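This report concerns pockets, helix packing and aromatic pairs in one structure.

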Amino acid sequence: MNLIKRIDWKKYSPLLLMLMFPVLGWMYALTNNIENQEVYSLATAVDETIPFVKWFALPYSVWIFYIYVCLFYFFKKDVNVYYRNLMTYALCALLCYLIYSVFQTTVARPPVIGDDPFSLLMKYIYNRDQPYNCFPSIHCFSSYMVMRAIWTSSFRNKWNVTLITGMSSLIIMSTLFVKQHVIMDVLGAVFLVEVVTAAIIVVERRAKLARERQKSTFGA
C-alpha cells in the first residue's frame, strides 16, 4: 500500500495516450472486409517459395504486447521518443486504413492441419482476422517503427539494439511465414514509416525555428 502511495501517478499520465490503441483497433475492424470492393493480390514468385511455418504464429501473436513494452521502455528512457512513436503509429495506422478503404488486398491462406499448440494458435489467428487489410502491414510498420526508433535514440546500446532489432525482425518475418502478408506488404510498411517519420521531422524543425524566431523577436 505504501508503495502505491509513493508512485508519482502524474509522471505516468502520458501513458494514458496509449488508450488510442483500442480506438484504432475498432477503426481497423471497420475496414477489414471486402464489401463492394475489388480485391487484389500482390503475391510474387518469391512469396510462393516462402514456406508456411506454423511456429511463427508465436512471434506473430505477441506483436501488440511487444509494441506496448517498447513504447513503455521509450517512455522511461526519453519521453520525446515515446511521443514521437505514438504519433508515428497513429499517422501510419490512419494512412493504412485510408489505403484499405480504396485498395483492398488479400493473401491466400494454406489449410492448417493438426491439433498441436502452434496449429491451434494458427487457427485462432485465421479465425480472428479476415485475410484482408494486407498492404501495408500494420504488424510490419509498427515493428519497423520501434526498431528504427532504437537505432536513432540517444539511449541505444548493444543490448537494446540487439533485442529490439531481433524481435522486430522476427515479427516481420512471421507475417510472411504464417501467410498473413507478402513481401510487398513489408516493403510498403517500411516506406510508410520512412515517409511519416520524415514528415514529422520536418514539422518539428519548422516548429523549432518558429519558436526561436518568436524568442528573438521578444528579445529584440
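The following paragraphs treat the pockets, then a helix contact, then aromatic rings and one serine.

The model is predicted: local features need pLDDT of at least 70 and side-chain atom pairs count only at pLDDT 80 or more, whereas totals for chains, interfaces and linings use all residues. Residues are numbered from 1 along each chain as its sequence is written, and side-chain values use heavy atoms, with hydrogens and water left out.

**Pockets**

A pocket is an open set of points on a 1 Å grid over the protein atoms alone, where a 1.4 Å probe fits, with protein on both sides within 12 Å along at least five of seven lines; lining residues have an atom within 4 Å of a point. A volume is the space filled by probe spheres set on the points, which are joined across faces, edges and corners. Residue classes are nonpolar (Ala, Val, Leu, Ile, Met, Phe, Trp, Tyr, Cys and Pro), charged (Asp, Glu, Lys and Arg) and polar (the others, Gly among them).

| Pocket | Volume | Lining classes |
|---|---|---|
| Largest pocket | about 760 Å³ | 21 nonpolar, 8 polar and 4 charged residues |
| Second largest pocket | about 300 Å³ | 5 nonpolar, 7 polar and 4 charged residues |

The largest pocket has 33 lining residues, and Y28, W63, R128, D129 and H139 lie nearest its centre. Helices here are DSSP runs (H or I, at least four residues), numbered from the N terminus. Those that each supply at least two residues to the lining of the largest pocket are helix 2 (20-31), helix 4 (57-61), helix 5 (63-77), helix 6 (79-102), helix 7 (117-128) and helix 8 (138-152). Helix 2 provides the largest share of this lining, 6 residues.

In the second largest pocket, 16 residues form the lining, with V81, R84, N85, A149 and T152 nearest the centre. Two or more of the lining residues come from each of helix 6, helix 8 and helix 10 (183-219). Helix 6 gives the most, with 5 residues.

**Helix 5 against helix 6**

The axes of helix 5 and helix 6 are 5 Å apart and the helices pack at an angle of about 145°. Axes are lines fitted to C-alpha atoms over the stretch in contact, and angles run from 0 to 180 degrees between N-to-C directions. In this contact (heavy atoms within 4.5 Å), W63, L71, F74, F75 and K77 of helix 5 meet V79, V81, Y82, N85, L86 and Y89 of helix 6. By class, the residues of the contact are 9 nonpolar, 1 polar and 1 charged.

**Aromatic rings**

Rings of Phe, Tyr and Trp (its six-membered ring) pair if their centres lie within 6.5 Å; planes under 30 degrees apart count as stacked, over 60 as edge-to-face and the rest as tilted. The count by this rule is 18 aromatic pairs. One of them joins Y82 and Y83, a tilted pair at 5.6 Å centre to centre with 50° between the planes. Relative accessible area (1.4 Å probe, protein chains only) defines buried as under 20%, exposed as over 50% and partly exposed as in between. Y82 is therefore buried, at 0%, while Y83 is partly exposed, at 35%. Y12, F72, F75, Y82 and Y83 form one aromatic cluster.

Y97 and Y100 make another tilted pair, 6.4 Å centre to centre with 50° between the planes. These tyrosines are separated by about one helical turn because they are 3 residues apart in helix 6. Both Y97 and Y100 are buried.

**Serine 119**

S119 belongs to helix 7. S119 has a relative accessible area of 0% and is therefore buried. Leaving out residues up to four places away in sequence, S119 touches K54, V112, I113 and G114.
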